[in-house]
Amino acid sequence: MMRFITVFSLALAACASAPAAQNATQNTAPQPPQSNQQEQTQAQVFEHWQADFSARAIAKGYGSDLVRSVIGNAKINPRALESDSTQPEFTKPVWSYVDGVRSPARLKSGQAKLTKHATLFAAIQSRYQVDSYILTSIWGLESNYGNNIGTQDIIDNLATFAFEGRRQEFGEEQLFAVLDMLKNGQVRKNQLKGSWAGAMGMTQFIPTTFRDYAVDFDGDGNQDLWKNEGDALASAAHYLSRHGWRFQEPILAEVLLPDGFDYALTDGSKRTVASWAALDVHPVGGQNWSTNAQLLDAKLLTLAGHKGPAFLIFKNFDVIKRYNNSTSYALGIAILAESFQGRGQIVRDWPRADKILSLSDKKSLQETLTEQGFDTQGVDGRIGPNTRKAIRAWQKANGLPQDGYVEQNLFAQIIAQ
Ligand code: CA
């Protein structure tokens, strides 16, 4: 869609400037031939981009043969832009997402993978100090254990992003990473297939991640994250390890909160488990925290407010967010990893009857809060940290629990003011 709008507006601009062209021809300064500009198709504009990008890549020291084979053969993929610009009006509530993550089929396949690759997992663990459960969870969620790795041409899609749209900087950076991967001999060009957004292989690494963290675990000279389980899982382990994974420390623990708990403390502030225990925050099973656990730093997470389950989340939870910066994703990954170990049941149920907000609701929530003096720092239809902070401030001003969670009832109250 975006492509046609752009082409259309180029055509309009050319028409609008046509009368001025007659004056321009009388000017002595050299002018580009006007008729060519008018006839310039998107393909020609793309060719200019290819030439420009190639010149800059060669100036940076990439070989001209490499640049020609990668950039010279790239094609625009309009569907990549369409996928990128689609923001769904309705998304799943977090409870549906988490239920879907730990589906019986994904659990069963994961258990089979853990058994089948036990020796490989042991070797990876001894090198990277990352356990099999978290790796299997990532593998299962990122690509359904390699069954859904994407078949799109990575170079075409990244070149398309670099050429036009809202992801030009991303597209450029990732294309340079592709050139690096090929220059380094990490992969072969014909392996470069993946998702529309440029994520590749069983672990769905984007090129910058691939370039910096992929490993050749079986030592055959190729970092095959598409077909080789050892390369893929060791690469994920390497990534987690480099981002601070703490072997044998927990990712999260579900907790019960006392009556009258101050939900303002779910704003991401960090304290030790012992300090949370002093506030009557205890494991759902009623047991005491172990001596080791009491020393750990943790944050309190409630994704569905005071009516839903609460979790203490540890350093490893934040490491998972380095993989994909989404709290729901990290919760899903953690719950799946726990499930492989016979845990992962969430004891306190979600407020499943709650009606969640659509994209346009979220935008009007942000506009309304900002108008009322609770600044959401923009209107993007995403309930991120700034919007949660504004919701908490509104809740505080209105004598409600400051959990930063909004569903249709609270939305109606906010709008009504
Ligand atoms: Ca290999």
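Is Ala-304 buried or exposed? Ala-304 counts as buried because its relative accessibility is 0%, where buried means under 20% relative accessible area, exposed over 50% and partly exposed in between (1.4 Å probe, protein chains only). The model is predicted, so local features need pLDDT of at least 70 and side-chain atom pairs count only at pLDDT 80 or more, while totals for chains, interfaces and linings use all residues. Residues are numbered from 1 along each chain as its sequence is written, and side-chain values use heavy atoms, with hydrogens and water left out.

- Ala-304 sits in the loop that runs between strand S6 (297-301) and strand S7 (310-313); strands (E, at least two residues) and helices (H or I, at least four) are DSSP runs, numbered from the N terminus.
- Beyond its neighbours within four places in sequence, Ala-304 is in contact (heavy atoms within 4.5 Å) with Trp-95, Trp-350, Pro-351 and Tyr-405.
- The C-alpha atoms of Ala-304 and Pro-93 are 9.1 Å apart, although 211 residues separate the two in sequence.

**Nonpolar cores**
- A nonpolar core is a set of buried Ala, Val, Leu, Ile, Met, Phe, Trp, Tyr and Cys residues joined through side-chain atoms within 4.5 Å.
- The largest such core has 86 residues, and Ile-134, Leu-135, Leu-192, Leu-331 and Trp-350 have the most contacts inside it.
- Helix H17 (residues 327-339) supplies the largest share of this core, eight residues.
- Apart from this core lies another of 18 residues, including Leu-300 and Phe-314.

**Domains**
- An automatic or database domain assignment divides the protein into domain 1 (43-86 + 154-194) and domain 2 (359-416).
- The centres of domain 1 and domain 2, taken over C-alpha atoms, are 40 Å apart.
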